Amino acid sequence: MPFRNDDVRFISSPLKIPPFRPQPPVPFFAQTLTKSKNSLSHLIYSLNESTRSTEPFTRKLQSFAEHLYGKSVRICSTCLSMTGAADTLVNFPLLCSASLSLNQSSAEFPGQSELSTQLQQKAQQPHSVSRSDEERVLISEVLVRNKDGEELERKDLETEALTALKACRANSALTVREVQEDVHRIIDSGYFCSCMPVAVDTRDGIRLVFQVEPNQEFHGLVCEGANVLPTKFVEDAFRDGYGKVVNIRRLDEVITSINGWYMERGLFGMVSGVEILSGGIIRLQVAEAEVNNISIRFLDRKTGEPTKGKTRPETILRQLTTKKGQVYSMLQGKRDVETVLTMGIMEDVSIIPQPAGDTGKVDLIMNVVERPSGGFSAGGGISSGITSGPLSGLIGSFAYSHRNVFGRNQKLNISLERGQIDSIFRINYTDPWIEGDDKRTSRTIMVQNSRTPGTHVHGNQPDNSSLTIGRVTAGMEFSRPIRPKWSGTVGLIFQHSGAHDEKGNPIIKDFYSSPLTASGKTNDEMLIAKFESVYTGSGDQGSSMFVFNMEQGLPVLPEWLFFNRVNARARKGVEIGPARLLLSLSGGHVVGNFSPHEAFAIGGTNSVRGYEEGAVGSGRSYVVGSGEISFPMLGPVEGVIFSDYGTDLGSGPSVPGDPAGARLKPGSGYGYGFGIRVDSPLGPLRLEYAFNDKQAKRFHFGVGYRN
């Protein structure tokens with residue numbers, strides 16, 4: 001489409017000229033890639049290496065051109081243009097000017113000397129060496145003229161030619177070799193398409209005339225085949241040259257910048273041809289390799305030979321952002337490889353581009369090696385709800401998982417965690433991407449039966465008895481990306497919960513005769529509508545994070561609880577030299593009728609350190625803030641200095657039964673201390689020693705980062 005501005009006229013067209021069928025440099029890259037296990041990284045490395053020098057990149061273009069048009073094609077290293085004898089090639093008379101065309105006969109210049117004949121012969125044989133190269137001839141005058149022997153109309157071009165001369169000066173003795181070198185210097189200045197040295201005998205001596213033919217003035221541009229290259233980028237690249245004589249060196253820089261634009265974005269594209277038409281119109285031909293087809297090839301884990309896979313190919317293909325008809329991007333391909341790996345069902349993934357016949361397009365073959373689809377596992381952990389010491393909070397776990405149910409990347413997990421007090425039996429079935437949905441929505445069906453300590457809210461009983469909270473939960477959740485770095489989750493969950501004594505019998509009141517349920521029965525039942533929105537920065541622990549969660553109890557039946565709970569957490573990391581400052585803030589509020597054991601518990605390893613779990617307060621509302629500075633010490637070991645503060649905002653008495661008031665919880669408090677962290681296969685191991693505002697001291701041990 002044509003477009004104009006006040007200074008320059010450009011014409012850009014997506015049409016391709018039928019006789020000229022450029023292809024991207026796929027053969028060279030494909031041949032290189034097959035020798036590498038990780039083809040994508042090798043391809044990127046190959047392109048990065050090519051940008052460091054013009055000659056290696058020229059050789060790659062030469063290989064590509066020979067693949068298209070045969071051995072007769074040559075790449076000019078000065079301007080990176082293609083020339084050759086093939087009929088299908090576009091003629092480039094301007095850019096082939098490095099070979100001198102000395103076709104004037106001596107008869108046209110009666111006074112032409114023997115030196116002129118030698119100059120013509122040496123120009124036609126630039127690499128010959130003979131005795132005549134060393135013989136010197138005295139030159140009385142040096143002039144620059146046009147091809148007809150007349151003065152140049154533009155004196156600035158005459159100045160450029162004279163400035164380019166190094167050896168040829170008036171009243172100097174020159175050899176043929178020195179004259180020949182100055183001829184090439186004039187051509188290398190970029191302003192001239194031909195240069196012929198002529199020596200003429202005069203009364204005053206031998207006059208050396210450089211007959212030059214200047215390039216045309218630039219008056220317009222036609223860009224063909226550039227479907228993804230921005231029009232403004234091309235316009236800006238050529239704008240400064242409008243109305244000026246085309247300079248080959250400057251044109252070379254523009255072509256290099258266009259090729260660099262493709263390389264920086266990992267796109268298979270390049271300038272494949274340049275031609276200067278009559279009237280000073282430059283025609284720029286761009287070759288962009290579009291994706292013709294994408295196929296999946298499964299490889300055996302042991303032999304590396306092709307085999308039959310368990311995963312459905314469409315399950316993998318829909319994960320790719322690279323689509324048919326797009327210009328192939330290596331960076332986009334790299335992201336696609338990472339996306340397929342994050343599915344969790346592949347051990348190795350690579351992409352190999354290959355030429356799609358003579359269509360100028362590229363076929364992509366994705367090689368994948370599948371992981372074992374499922375198996376049993378065992379592990380352990382520590383409960384954060386235990387206040388009598390970390391050893392009593394040890395938990396053992398046993399699980400069975402299947403990563404690729406029905407070959408659709410669907411996940412089935414069945415797990416059992418058991419400790420002295422804690423126990424959780426959970427069944428999760430997750431479809432990471434619901435079939436037929438274009439928003440990448442996932443679905444999770446969950447059934448869980450858990451028993452957790454009631455010490456968070458109700459603390460240890462004065463008679464040394466303990467109570468636990470049992471919950472049976474079942475529900476379904478849907479999650480999907482909302483925008484970059486944001487995700488959302490909605491769900492509907494049913495919960496049946498109640499308190500039990502040490503023997504497992506249901507109880508409705510604690511030692512202080514405070515109610516343990518909101519309904520007055522042994523169990524509370526509720527149907528919860530859930531909404532959650534999560535923002536994550538880079539994904540690292542020290543990066544920015546924000547989580548907003550809201551739960552609404554739906555009283556479908558009269559005995560079901562009706563309440564609304566909101567909770568929010570925010571975190572921000574700041575680099576301070578080798579150290580990192582991490583600030584976090586959380587808060588929440590609940591209104592309506594809710595179970596006492598669902599109150600916000602303040603204090604503990606993941607809240608206000610220096611206090612036991614839930615020892616600061618239990619309220620309808622809460623705010624907890626924390627600041628810590630971590631710094632490297634030795635290898636995987638980090639040192640930490642921290643300070644925490646939390647409060648229930650005076651809402652403790654509004655919790656049914658006031659469990660915090662009965663246990664004389666202060667409602668607010670702070671703690672500070674120091675500790676170390678060690679990276680391990682289970683995650684960061686945290687050992688912290690904290691002091692609180694009551695002058696008490698306490699060790700905290702945890703696995704994983706603080707919430």
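The paragraphs below go through this predicted model from the whole chain down to single residues.

Residues are numbered from 1 along each chain as its sequence is written, and side-chain values use heavy atoms, with hydrogens and water left out. Because the model is predicted, local features need pLDDT of at least 70 and side-chain atom pairs count only at pLDDT 80 or more, while totals for chains, interfaces and linings use all residues.

The protein chain has twelve helices and 33 strands. Helices (H or I, at least four residues) and strands (E, at least two) are DSSP runs, numbered from the N terminus. Of the 707 residues in the protein chain, 47% count as buried. Buried means under 20% relative accessible area, exposed means over 50%, and partly exposed is in between, with a 1.4 Å probe and protein chains only. A contact means heavy atoms within 4.5 Å. Among contacts in the protein chain between residues at least 6 apart in sequence, 58% join residues at least 24 apart.

Helix H6 covers residues 176–188. The expected span of a helix is 1.5 Å times one less than its number of residues. For the 13 residues of H6 this gives 18 Å, and the end C-alpha atoms are 18 Å apart, which agrees. Buried residues in H6 are Val176, Glu178, Val179, Gln180, Asp182, Val183, Ile186 and Ile187. An α-helix has 3.6 residues a turn, so residues three or four places apart point the same way. Just after H6, Gly190 takes a positive phi of about 95°.

The next topic is the nonpolar cores. A nonpolar core is a set of buried Ala, Val, Leu, Ile, Met, Phe, Trp, Tyr and Cys residues joined through side-chain atoms within 4.5 Å. In soluble globular proteins, nonpolar side chains tend to be buried together. Here the largest nonpolar core has 23 residues, and those with the most contacts inside it are Phe238, Ile258, Tyr262, Ile282 and Leu284. At least two residues of this core come from each of strand S9 (220–224), helix H7 (231–239), helix H8 (248–264), strand S10 (269–277) and strand S11 (281–288). H8 gives the most to this core, with six residues. Leaving aside neighbours within four places in sequence, Ile258 is in contact with Leu229, Phe233, Phe238, Val271 and Leu284. A second, separate core has 22 residues, including Ala161, Ala164, Ala199 and Val245.

How many residues of S9 are buried? Five of the five are, so S9 is largely enclosed by the rest of the structure. Gly220, Val222 and Glu224 point one way from S9, and Leu221 and Cys223 point the other way. S9 runs parallel to S11, and five bridges join them. Two strands pair if DSSP finds at least two bridges between them. Glu224 has Gln285 in S11 as its bridge partner.

Gly491 stands opposite Lys530 in S23. S23 also pairs with strand S24 (residues 545–553), again in the antiparallel sense, over nine bridges. Here Val534 has Val547 in S24 as its bridge partner. The loop between S23 and S24 holds Ser544. The C-alpha atoms of Ser544 and Lys572 are separated by 4.5 Å, although these residues are 28 apart along the chain. Not counting residues up to four places away in sequence, Ser544 touches Tyr535, Thr536, Gly537, Arg571 and Lys572.

Aromatic rings come last. Rings of Phe, Tyr and Trp (its six-membered ring) pair if their centres lie within 6.5 Å; planes under 30 degrees apart count as stacked, over 60 as edge-to-face and the rest as tilted. By this rule there are 16 aromatic pairs. The rings of Trp486 and Tyr535 have their centres 5.3 Å apart and their planes at 50°, so this pair is tilted. Trp486 is in S21 and Tyr535 in S23, 49 residues apart. Trp486 is partly exposed at 28% relative accessible area, and Tyr535 is partly exposed at 23%. Phe600 and Tyr622 also form a tilted pair, 4.8 Å centre to centre with 35° between the planes. Phe600 lies in strand S27 and Tyr622 in strand S29, so the pair ties together parts that are 22 residues apart in sequence. Both Phe600 and Tyr622 are buried.
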